[in-house]
Amino acid sequence: MIDPTTHDHATQMRMLLYGQLVSRTLCTAVRLGVPEALAGQARSADELADQLGGHPVALGRLLRALAPFGVVTEGSDGTFALTAFGSTLLPTTPGTAHPTALLLAGEVGRTWTDLEHTVRTGESAFQRQFGCQLFDHLEQQPDRREVFDRSQEAGLRLELDEVFDAVGFERYPWIVDVGGGNGHLMCELLGRTPGSTGTVLDLPGTVPLAEKRIAEEGLTRRCTAVAGDFFAHVTPGADLYILSHILHDWGQDRATDILRTCVAAMPEHGRLMVIDLVTDATTAEGVPHRLPAVMDLYMLSLFGAAGGRERTRAEFAALLCAAGLESEETKVLPSGMAVITARRRTR
Ligand SMILES: C[S@@+](CC[C@H](N)C(=O)[O-])C[C@H]1O[C@@H](n2cnc3c(N)ncnc32)[C@H](O)[C@@H]1O
């Protein structure tokens, strides 16, 4: 006889192990276009197979498997409907998980299958599988770059309200978003801060996406996108330099190099703002957040043991110090993200 606690734990552990299959099921549904096909209209597996081209029986089983997870419901007539939770897989839902599913269905998910090798050797699974670093790969693959940027944008959408609640950007007339991707943060920021102008700096592959975005938002007079390498040179003279989800992509030395490039560009009164998860924050109930733990493994798979990682507040402070900066204010947000504002170190 297994005691009830052990029984419960063993059952839960199995569900964690099967999590990979659940993730693949969601990714497959997105790749097939199931969420869009179910938007606003319940359909049977046969109808979906007709429309999307899958195998009707296999598709029915895929959908049925998603029902206990709350993604779809199955009606008594055998049709499937998307739930409000499942609607987050639609590309148009604010904060959509759609591009993230596409990333996980592709290169990123593949690197996770190599985690054992990474843990045994410290090598980057991405480098091993694709022969280059993630951002070099994206420079060569414009369609993947676009998906990556949309995934970043959607993730950031979930964070922005709490960032804007915590920080007043009005005091910074000119802001540079270093590694600002397709300009999603900057466009949102300028929309909420009418007195500021902005510059988005990123690798050449994403500059056309940022230019398009800036034009669509009607911000061409207040914002420019520039191609650059943040290890070499960052647009000088701005009042604020933002590094949003940048430092976690890099190990100690490279992260310090990025900060030093920013320091070289900063005027005396300038400020630098790091927006990143911290691993030492807890929920309101005092429980450690799960996302930083998972993201740390994500970084480990992509960049290897000497590369990107999530950090504690103290580790960020040490990083800033190594680059000649000191934190002026650190705000930890309810989601476990930190916004650290830093200035040149005076001591
Ligand atoms: C994790 S994404 C963060 C994007 C955005 N800041 C955000 O918060 O969503 C990292 C960004 O750094 C950019 N990046 C990587 N290497 C770079 C380099 N050497 N110079 C400039 N940007 C770079 C990538 O292209 C990518 O847009």
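Which residue of β6 is the bridge partner of G198? The partner is C223, and this bridge belongs to a predicted model, in which local features need pLDDT of at least 70, side-chain atom pairs count only at pLDDT 80 or more, and totals for chains, interfaces and linings use all residues. Residues are numbered from 1 along each chain as its sequence is written.

The protein chain is divided into domain 1 (4–90) and domain 2 (151–344), with bounds that come from an automatic or database domain assignment; the centres of the two domains, taken over C-alpha atoms, are separated by 35 Å.

An open sheet of mixed pairing is formed by 7 strands in the order β6-β5-β4-β7-β8-β10-β9, where strands (E, at least two residues) and helices (H or I, at least four) are DSSP runs numbered from the N terminus, and two strands pair if DSSP finds at least two bridges between them. Because β6 (223–227) and β9 (325–332) stand at the edges with a single partner strand each, one side of each is left without a neighbour in the sheet. Neighbouring strands are turned against each other by 20 degrees on average, direction ignored.

Helix α11 lies across β4 (174–178), β5, β6 and β7 (240–244) and runs at about 175 degrees to β5, the axes being lines fitted to C-alpha atoms, for helices over the stretch in contact, with angles from 0 to 180 degrees between N-to-C directions. Helix α15 (residues 313–322) lies across β8 (271–277), β9 and β10 (337–344), at about 155 degrees to β9.

The axes of α10 (residues 142–166) and α11 (residues 184–192) come within 10 Å and cross at roughly 35 degrees. The contact, for which C-beta atoms placed from the backbone must lie within 7 Å, is made by E153, L156, L160 and F164 of α10 and by H184, L185, E188 and R192 of α11.

Around the ligand there are 18 residues, of which Q152, G179, G181, S244 and H245 come nearest; a residue counts as near if its C-beta atom, placed from the backbone, lies within 6 Å.

Notes:
Two residues are in contact if their C-beta atoms, placed from the backbone, lie within 7 Å.
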